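Good morning, and thank you for coming.

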Amino acid sequence: MTDVRETSAPTTPTQTRRQGGYIWYELLSPDPEGSKAFYDSVVGWNIGEGAPEFQGYRMIGRSDGKYAGGVFPLTDEMRAHGARPTWLGYIHVPDVDRSVKDIEQAGGKALMAPFDIPNVGRIALVADPQGAPFYVMKPIPPANDPDAESDVFSPDQAQHVRWNELSTSDPDAALDFYKRQFGWGQEGDMDMGEMGKYRFIQANGVTIGAIMRKPPQLPVSAWTYYIGVDDIDRAVSAINNGGGKIINGPMEIPGGEFALNAIDPQGAPFGLVGPRK
């Protein structure tokens, strides 16, 4: 996944004093207008219009007036270089260049070298040693709010990403990598039988997701981001009516809510989690 972005985009992840957490999520889509129609219906978002001066980048608006992330148009040229429809997460680091060097020394790979987005921050696209891609970023806080913190991740709120799940070819090595690179913790797990342990991960003391062994049908190691919805049954209907495909679930999860895995009409995998009303 190289050459995904060649110019600045108006992303607005904000500073967080709790480094190592997720501060932004981004959808790469070959059809941003189609993605808007789909996710607005499924999640309740209001994805904005593309900004011509920023390669058509769109902000994902929430009902509370804040942002859940962005949508970046995926061109044929980008796809020719290996980019595919997908969701990517941004992890906050204090020094992007140092982080990239450490990731490479640990067996990971820089997919896109560090660069600056004016007035937003410095970012780089990397992959962990098992090949799962993600961004690292040092954001520039708003001038009028230097202590602002990103809220794109929430463990319990609709229209936010609520869970970050890594399916990987080597869970032990992946867990060690993320612990060392970002200071994550690991407390608690669930036994998945032949699939091994489903191990919960924490950032800054908050459980943000889990790491599990990659199922055989998944071709590569990858992160799946579970978006919160207000009603899982309503969301299922919206997925089916909007041209998406449910590949697993809805299944009941601890706590009484439900989760599912799906693929959007443009081919990007995603997850949902929420109550049944």
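This is a predicted model: local features need pLDDT of at least 70, side-chain atom pairs count only at pLDDT 80 or more; totals for chains, interfaces and linings use all residues.

**Two residues and their chain**

Let us begin with V229, whose relative accessible area is 2%. A residue counts as buried when this value is under 20%, so V229 is buried.

Where in the chain is V229 found? The residue sits in the loop that links β13, residues 222-228, to α5, residues 232-241. Leaving aside residues up to four places away in sequence, V229 touches V42, V43, A158, R234, A235, L272, V273, G274 and P275. Please also look at G44: 185 residues separate G44 from V229 along the chain, yet their C-alpha atoms are 7.8 Å apart.

The second residue is R62. Is R62 buried or exposed? Its relative accessible area is 6%, and the cut-off for a buried residue is under 20%, so R62 is buried as well. R62 also belongs to a loop, here the one between β3 (58-61) and β4 (67-73). With residues up to four places away in sequence again left out, the residues that R62 touches are W45, Y67, A68, D151, V152, Q159 and H160. As for P171, it is 109 residues from R62 in sequence, and the two C-alpha atoms are 33 Å apart in space.

I now turn to the whole chain. How many helices and strands does the chain have? There are five helices and 16 strands. The radius of gyration is 18 Å, close to the 19 Å that the globule rule gives for 277 residues, so the chain is as compact as a globular protein of that length. Along the principal axes, the C-alpha atoms fill a box of roughly 45 × 40 × 40 Å.

Of the 277 residues, 51% count as buried. Among contacts with a separation of 6 or more, 61% are between residues 24 or more positions apart. The chain exposes about 12,100 Å², and carbon and sulfur atoms supply 49% of that area. As to charge, there are 25 positive and 36 negative side chains, and the centres of these two sets lie 2 Å apart.

Finally, a word on confidence. The mean pLDDT is 91, and 94% of the residues reach 70 or more. Over residues 1-12, however, the pLDDT is below 50, although this stretch has 53 contacts in the model beyond near neighbours in sequence.

Terms used
Residues are numbered from 1 along each chain as its sequence is written. Side-chain values use heavy atoms; hydrogens and water are left out. Helices (H or I, at least four residues) and strands (E, at least two) are DSSP runs, numbered from the N terminus. The radius of gyration is taken over C-alpha atoms; the globule rule is 2.2 Å times the number of residues to the power 0.38. Buried means under 20% relative accessible area, exposed over 50%, partly exposed in between (1.4 Å probe, protein chains only). Contact means heavy atoms within 4.5 Å. Accessible areas come from the Shrake-Rupley method with a 1.4 Å probe; for residues, only the protein chains shown count as cover. Lys and Arg count as positive and Asp and Glu as negative; His and the chain ends are not counted. The place of a charge is taken as NZ of Lys, CZ of Arg, CG of Asp or CD of Glu. pLDDT is the predictor's confidence in each residue, from 0 to 100.
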